[in-house]
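Hi,

Here is the structure I promised to pass on. Have a look at it first, and then read my notes below.

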Amino acid sequence: MSTEPALTLTERRKAATQLDIARAAAELFAERGPDGTTAEEIAHRAGVALRTFYRYFRNKQDAVAPLLAGGADRWRARLAATEPGTVPLAEALERSVAEALSVPDATAAEGLRWTRGLLRAADGDPALRAVWYRVNQESEERLRPVLAALAGEGADPLEVRLAAAAATDAIRVALEAWAPTGAPPGEVAALAVRCLRELTGGVRLFSRR
């Protein structure tokens, strides 16, 4: 099951270019900090024209949004692949998050590495924090139809919205708590599941069997 349409070739190329720019921005932020980095330098590092940069992003902090959104995209896709009614919704959500954050491959490991560095940089950069919060808000909105499909017809829209908010905040809090520490990437999955259980425990949609 999937609630998100497949990307066209043009959309995939656009996403690839955006990710190249995002990686270039993250690299420069790590080397010089956001204050010491310009949009021109990011475009040059990514191998694109400055006008191409501004076609996709409003400012230099906005450029890292694709990297920050990558982990949420992976666990949401895993959740969307669950067949409705096969497992309790809470179990399906925990499983998708654990699988997406357990660093099973190089892509997931790289994503967590970038996320950790960017969250550390965001401590001193309000504009970068704003991008992080916006990415989480967008993820929450995209999670709603996935949860609604899994919950089945007749699910209360308010319960679905509360469930999406609780689940998204659980992952956000887990990553924010993990990023400043020296804990290895493999530990973030267990922390995320713990946060999920704490924040979704009172959500009726997850308590049903």
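First, a term you'll need: a crossing is left-handed if the near helix is turned anticlockwise from the far one by less than a right angle, and right-handed if clockwise. Helices here are DSSP runs (H or I, at least four residues), numbered from the N terminus.

This is a predicted model, where local features need pLDDT of at least 70, side-chain atom pairs count only at pLDDT 80 or more, and totals for chains, interfaces and linings use all residues. Residues are numbered from 1 along each chain as its sequence is written, and side-chain values use heavy atoms, leaving out hydrogens and water.

Now for α4 (residues 65-80) and α5 (residues 89-101): their axes come within 8 Å and cross at roughly 140°. Axes are lines fitted to C-alpha atoms, for helices over the stretch in contact, with angles from 0 to 180 degrees between N-to-C directions. The pair is therefore oblique (under 35 degrees is roughly parallel, over 145 roughly antiparallel, 65 to 115 roughly perpendicular, the rest oblique). The crossing of α4 and α5 is right-handed. In α4, Arg74, Trp75, Arg78 and Leu79 meet residues of α5 including Leu93 and Val97; contact means heavy atoms within 4.5 Å.

α4 also packs against α7 (residues 126-151), with axes that come within 10 Å and cross at roughly 10°. So α4 and α7 are roughly parallel to each other. Among the residues in this contact are Trp75 and Leu79 of α4, along with Trp132 and Leu143 of α7.

Then there's α6 (residues 106-122), which packs with α8 at about 75°, the axes being 9 Å apart. That makes α6 and α8 roughly perpendicular, therefore. Leu112, Thr115, Arg116 and Leu119 of α6 make the contact with Leu175, Glu176 and Trp178 of α8.

Finally, α8 itself (residues 157-178) has 22 residues and reaches 32 Å from first C-alpha to last, close to the 32 Å expected at 1.5 Å a residue (that is, 1.5 Å times one less than the number of residues).

Cheers

Methods:
Helix = DSSP H or I, 4+ residues; strand = E, 2+ residues; numbered from the N terminus.
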